[in-house]
Amino acid sequence: MNQIHTPIKFTVHFFLTTYCNAFCQHCLMSAGPHQPKNFMKLSDILFYFDQFDQEPNFSRSIGFNGGEVMTAYKHYSADYIPNLIQECVNRNYRLDIRTN
């Protein structure tokens, strides 16, 4: 009996920061205001985007989560989130941003 194997498409989620403006007891990431206000570098994310674009099983779906992603506007760079979104639009990615 011949079996047909369908490749599994994969989605990528980036954990951008552990910083969060909330301190939820149930947080699985131990995020909160006690964490450093560091964010994953845009250049690192774009490097991975380039790698994923070469993968035939990449679903073209990207997720951004963390701590609180939107705190980047205040604590990192006002251009960070808009640049990430624009890059996803330019590459025709489906985008999921998890936020409080």
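Me: In this predicted model, with which side chain does the side chain of Ser61 make a polar contact?

Reply: The general idea is that a polar contact pairs N or O atoms within 3.5 Å. Here the side chain of Ser61 makes such a contact with the side chain of Arg94, at 3.0 Å.

Me: Where does Ser61 lie, and is Ser61 buried or exposed?

Reply: Ser61 is placed in strand β2, which covers residues 58–65. Buried means under 20% relative accessible area, and Ser61, with 14%, is therefore buried.

Me: How is a pair of aromatic rings described?

Reply: A pair of aromatic rings is described by how far apart the centres are and by the angle between the planes. The count in this model comes to 14 aromatic pairs. In one of them, Tyr48 and Phe52, the ring centres are 6.3 Å apart and the planes stand at 25 degrees, so this pair is stacked. Both residues belong to helix α1 (residues 42–53), where they are 4 residues apart, about one turn of the helix. Tyr48 is partly exposed at 37% relative accessibility, whereas Phe52, at 15%, is buried.

Me: Which ring forms a tilted aromatic pair with Phe52?

Reply: That ring belongs to Phe58, with 5.5 Å from centre to centre and 35 degrees between the planes. Phe58 is buried, its relative accessible area being 5%. Tyr48, Phe52 and Phe58 are among the members of one aromatic cluster, which also includes Phe10, Phe14 and Tyr93.

Definitions and conventions: Residues are numbered from 1 along each chain as its sequence is written. This is a predicted model: local features need pLDDT of at least 70, side-chain atom pairs count only at pLDDT 80 or more; totals for chains, interfaces and linings use all residues. Side-chain values use heavy atoms; hydrogens and water are left out. Rings of Phe, Tyr and Trp (its six-membered ring) pair if their centres lie within 6.5 Å; planes under 30 degrees apart count as stacked, over 60 as edge-to-face and the rest as tilted. Helices (H or I, at least four residues) and strands (E, at least two) are DSSP runs, numbered from the N terminus. Buried means under 20% relative accessible area, exposed over 50%, partly exposed in between (1.4 Å probe, protein chains only). A polar contact is a pair of N or O atoms within 3.5 Å; within protein, one must be able to donate a hydrogen and the other to accept it, and residues adjacent in sequence count only if both atoms are side-chain atoms.
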